[in-house]
Amino acid sequence: MSPKLTKTVILAAGLAVSLGACAREQDPANAGYFSGIGNVVGGTYDRRVAEREQDAQRAEQMAREMQARASAAQAEARATGASLTAAEARNRAQKAELARLDIALREASRNRNARAEDLAAARVRLDAAKRRQQQLEQHPPTSQSQRSAEQAAIDAEVKALDDMILHSTRAE
């Protein structure tokens, strides 16, 4: 190879390396020819692709996590809804039982075999149970365990009243 040709090749290679090493635009949309060559040779484009892939993977992982959270929230909402529906059904049943006891107590009051003191005490307890039932409806406890405990207490009172009324109206 001639010295002139060698000199030209070295000069061209040096020029290409110098231009490739110069400050270059990393955005392929804005990069010119020499910036593009420098980016390919320097691995800038490969790094950009790898960064974009990592960003996409993070976004996909975040989407999966959000979907899992949404599914868990939906399941919790369904469970809470079912619990609320059951509590409301029990509340309606208690209300109906209180109404039945009210009727039985009025009938017992008319019965001449009824003991007046027992019936008066039953009236007071029945009124108190009705107030507790109304309070439970108007201001339900926030926790399911408190709500269940209050309903169980009302159930026990209703049963005790039922027994009391039946005992008071029996012929002696």
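**Figure 1. Contacts across the whole chain.** Among contacts (heavy atoms within 4.5 Å) in the protein with a separation of 6 or more, 59% join residues 24 or more positions apart. This is a predicted model, in which local features need pLDDT of at least 70 and side-chain atom pairs count only at pLDDT 80 or more, while totals for chains, interfaces and linings use all residues. Residues are numbered from 1 along each chain as its sequence is written, and side-chain values use heavy atoms, with hydrogens and water left out. The protein has five helices and zero strands, where helices (H or I, at least four residues) and strands (E, at least two) are DSSP runs numbered from the N terminus. Of its 172 residues, 19% count as buried, meaning under 20% relative accessible area with a 1.4 Å probe and protein chains only.

**Figure 2. A look along helix H4.** Helix H4 (116–138) holds 23 residues and spans 33 Å from first C-alpha to last, close to the 33 Å expected at 1.5 Å a residue (1.5 Å times one less than the number of residues). Its buried residues are Leu119, Ala122, Leu126, Ala129, Gln133 and Leu136. An α-helix has 3.6 residues a turn, so residues three or four places apart point the same way.

Figure 3. Look for Leu105: leaving aside neighbours within four places in sequence, Leu105 is in contact with Leu119, Ala122, Arg123, Leu126 and Ile165.

**Figure 4. The largest pocket.** A pocket is an open set of points on a 1 Å grid over the protein atoms alone, where a 1.4 Å probe fits, with protein on both sides within 12 Å along at least five of seven lines; lining residues have an atom within 4 Å of a point. The lining includes Leu84, Glu88, Arg92, Pro140 and Arg147. H3 gives the most to this lining, with five residues.

**Figure 5. Gln151 at the pocket.** Gln151 is one of the residues lining the largest pocket, and this residue lies in helix H5. Gln151 counts as buried because its relative accessibility is 2%. Not counting residues up to four places away in sequence, Gln151 touches Ala87, Arg90, Asn91, Gln94 and Leu136.

Methods. Buried means under 20% relative accessible area, exposed over 50%, partly exposed in between (1.4 Å probe, protein chains only).
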